[in-house]
Amino acid sequence: MSKVVKFYYTRPLSFLEVAIVPIRETVAVPQQKTRMSERYTIAAIYDEEAKTIKFGLATCVPADPFVKKIGREIAEKRAETEPFFEVKDFDGTFADFRRLVIEVGTNKEEELLYRKYNRYMQAADENPRSSI
């Protein structure tokens, strides 16, 4: 086996229109006012012979349905032709490869979120809560 491909999928941000109802001491969130952000698929291709790992990115806009197969095809092709990140002379184990995919995927996801949704990400940094 000369090439191994792993995928990393992001979850979308949910944007809600919220109303605070003081007389009832509650917060109202109408379901139809929810909208989602983009979702990303990241492909990591490990070439055992070249000892390289190349990463590619596919974006699914909110207007389109998220289809893993399509995201995988696009991300894998971009990893081969125009990688956003490349590791050369990789000599780690398969477990190291898996950890690297998660690390690079998480870092890229955070970079993309800060680039597009900076004010929300800064607010999350300023008001940390327990995870969902």
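This is a predicted model: local features need pLDDT of at least 70, side-chain atom pairs count only at pLDDT 80 or more; totals for chains, interfaces and linings use all residues.
Residue numbers run from 1 along each chain as its sequence is written, local features need pLDDT of at least 70, and side-chain atom pairs count only at pLDDT 80 or more.

**Exercise 1.** Work out which residues of helix α1 are buried and what covers them.

*Solution.* Start with the helix, a DSSP run of H or I with at least four residues. α1 spans residues 68-81 and reaches 20 Å from its first C-alpha to its last. Next, pick out what's buried (under 20% relative accessible area, 1.4 Å probe, protein chains only): Gly71, Ala75 and Ala79. They sit on the same side of α1, because they cover an arc of only 65 degrees around the axis (taken from the directions from the axis to the C-beta atoms). Their cover includes β6 (39-47) and β7 (52-60).

**Exercise 2.** Decide whether Lys108 is buried or exposed, then list its contacts.

*Solution.* Now look for contacts (heavy atoms within 4.5 Å). Skipping neighbours within four places in sequence, you get Ile42, Leu57, Phe84 and Arg115.

**Exercise 3.** Classify Ile20 as buried or exposed.

*Solution.* Find Ile20 in strand β3 (residues 19-21), a strand being a DSSP run of E with at least two residues. Its relative accessibility is 66%, so Ile20 counts as exposed.

Terms used
Side-chain values use heavy atoms; hydrogens and water are left out. The expected span of a helix is 1.5 Å times one less than its number of residues. Buried means under 20% relative accessible area, exposed over 50%, partly exposed in between (1.4 Å probe, protein chains only).
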